[in-house]
Each structure stands twice: as structure tokens, then as C-alpha cells.
Amino acid sequence: MPKVEKLTAEARRAALAELDRWSLAVGERDAMTRSLRFKDFNAAFGFMTRVALKAEKMDHHPEWSNVYNRVEVTLSTHDADGLTELDLKLARFIDAAAAQAGAE
């Protein structure tokens, strides 16, 4: 994978303003998070499957957890030690997939 550049503070603020329900991770880590809630486990797992297929194609994988109908997602680019355009691209896909799956 080619070297990716960490977002500037200004680019990070602008990106978070345009994304749906993402926020900066709490603490020292340069990452962003989103919590999603679905109708049931099947809807949550279907969403995760769609995102997993996209993430694999991008070779950029989210950190996430799932409990029944809830999914917690954290994005950060480990090679850049922070947020990059890869995270924004995957976040946009996650937003679209969440809307399609009926996430709250």
C-alpha cells in the first residue's frame, strides 16, 4: 500500500462536519468513531458484512465490535498514526451502508 499522509487539523474538522454522526475518539488517539444501532442482529451483521467486503478491497480495515443490534466503529490509519483520506473514504461508505441497512 502506498504511503498515506495524516490529515491536517483543518482537514479533519472539515471532514467530521460533513460526515454523519462521526466524532473524534476520546483520549490521545487520532481516530474517529461512530455508534450504530440496527433493527436486529441480522441487520447489524449484514451491514458489517458489506463493510468488511469494501474494507478488504481497500486493504483498510476498521476496528469494531458488535453486540446484538449495536455496532461500534473506530477508524484510524495505523501506518500514518492517525486519520487519513482512507478513513474518510471508508467512513463515507459506512454512512451509506448504514443508511441502506436502516441504522438509527
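**Strand pairing and overall fold**

Val73, in strand E4, is the bridge partner of Arg34. The model that shows this pairing is predicted; local features are given only where pLDDT is at least 70 and side-chain atom pairs only at pLDDT 80 or more, while totals for chains, interfaces and linings use all residues. Residues are numbered from 1 along each chain as its sequence is written, and side-chain values use heavy atoms, leaving out hydrogens and water.

Helices (H or I, at least four residues) and strands (E, at least two) are DSSP runs numbered from the N terminus. On this basis the protein contains three helices and four strands, which follow one another along the sequence as α-β-β-α-β-β-α.

Two strands are taken as paired if DSSP finds at least two bridges between them. Strand E4 (residues 70-75) is joined to E2 by six bridges, and the two run antiparallel. E2 is also joined to strand E1 (residues 23-24), here by two bridges and again in antiparallel fashion. In that pairing, Ser23 lies opposite Thr33 of E2.

Buried here means under 20% relative accessible area, with exposed over 50% and partly exposed in between (1.4 Å probe, protein chains only).

By the same definition of burial, Phe38 and Phe47 are both buried.

For the protein as a whole, buried residues make up 41% of the 104 residues. The radius of gyration is taken over C-alpha atoms, and the globule rule is 2.2 Å times the number of residues to the power 0.38. A compact globule of 104 residues would have a radius near 13 Å, and the protein agrees, with 13 Å. Its C-alpha trace spans about 35 × 25 × 20 Å along the principal axes.

Confidence is expressed as pLDDT, the predictor's score for each residue from 0 to 100. The protein averages 94, and 98% of the residues score at least 70. Confidence is highest in E4, at 98, and lowest in helix H1 (residues 9-18), at a mean of 92.
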